[in-house]
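Thanks for coming. I will show one structure today and walk through it part by part.

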Amino acid sequence: MPDPFVIGVVAGVTPDRWVRVWRERMPDVPLQVVPVEDVAAALHPAVPGDPAVPAVRMVFARLPVDGADADGLHVIPLWEETPVVVAAKDHPVKVFDAVTEADLADEELYPGWDEGALDIVAAGHGIARMPQSVFRATGRKDLVARPITDAAPSRVGLVWPRSEGGPLVDEFIGIVRGRTANSSRAEAAAPADPAEPTRRRGTEQQRRATPKRATPPVQKHKQQQRHQPKPGPKQGKRHR
């Protein structure tokens, strides 16, 4: 069996639909999904080829990627996430459907969204902020979350190093982009026939360059006569 094609995911991201399509189209190549905290380190490991660490080829990450050179990554933006405030279950925020930044101005913000941070917030010490998908993934019942309506959303995208490529990478890109199994990446990227525009331009140039034939004088005179209005019948003098 070939080595698995490994993709990473950050907290709260669920790539199930793309994993399902991959397994339908590529049954001979296993797809492995691994959780990733440090995206830059996962894509550029300190010890390349370490058998103890899966060789992550691509990552579903939040943008921009911290600690990574943006020029060194390919990025496909995918969707935006709603930011939420997370508080203890008996916190006053629970009575609202949503809040604003001004509503949270006097609250003590506890950084982070790992289990340790959430335990502190659940004990009534401050609040936390995170993408809504991250909170849902925790499954915590001792906390409440409410959307922050005027906060900037976070963005999720598929990222991979510019040095990374090959048929498997191309196949996964096609799946994420929604390309069907029958479509061909090569056909989609194939340039148009360069001779065709040249032929069209040549035909137009010839048409413009061809002088119009002069109309012979006799024929021109007949044409003018055809377009002149016919005189009406002459009326004779009336006799009394």
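One definition before the tour: contact means heavy atoms within 4.5 Å. Helices (H or I, at least four residues) and strands (E, at least two) are DSSP runs, numbered from the N terminus. What you see is a predicted model, in which local features need pLDDT of at least 70, side-chain atom pairs count only at pLDDT 80 or more, and totals for chains, interfaces and linings use all residues. Residues are numbered from 1 along each chain as its sequence is written, and side-chain values use heavy atoms, with hydrogens and water left out.

The chain has eight helices and eight strands. Buried residues make up 29% of its 240 residues; buried means under 20% relative accessible area, exposed over 50%, and partly exposed in between, with a 1.4 Å probe and protein chains only. Among contacts between residues at least 6 apart in sequence, 75% join residues at least 24 apart.

Let me start with helix 1. Which of its residues are buried? They are Trp-18, Val-19 and Trp-22. Seen down the axis, these fall within an arc of 100 degrees, so they line one face of helix 1. The arc is that of the directions from the helix axis to the C-beta atoms. The cover over this face includes strand 1, strand 2, strand 3, strand 4 and helix 5.

Ile-76 has its place in strand 4. At 6% relative accessibility, Ile-76 counts as buried. Beyond its neighbours within four places in sequence, Ile-76 is in contact with Gly-157, Leu-158, Trp-160, Ile-173 and Arg-177.

Helix 3, residues 115-122, has Ala-117, Leu-118 and Val-121 buried. They sit on the same side of helix 3, because they cover an arc of only 95 degrees around the axis. Among the elements covering them are strand 5 (83-88), strand 6 (128-131), helix 4 and strand 7 (143-147). After helix 3 comes Gly-124, with a positive phi, near 95 degrees.

On to the loops. Between strand 3 and strand 4 we find Pro-64. A cis peptide bond joins Leu-63 and Pro-64, with omega about -10 degrees. As background, most peptide bonds are trans. Asp-38 lies in the loop between strand 2 and helix 2, and at 45% relative accessibility Asp-38 counts as partly exposed.

Last, how much space lies in the largest pocket? About 610 Å³. On a 1 Å grid over the protein atoms alone, a pocket is an open set of points where a 1.4 Å probe fits, with protein on both sides within 12 Å along at least five of seven lines; lining residues have an atom within 4 Å of a point. Of the 22 lining residues, the closest to the centre of the pocket are Val-10, Ala-11, Glu-37, Arg-62 and Trp-113. Helix 2, strand 3 and helix 4 (132-138) each supply at least two residues of the lining.

Terms used: Grid points are joined across faces, edges and corners, and a volume is the space filled by probe spheres set on the points.
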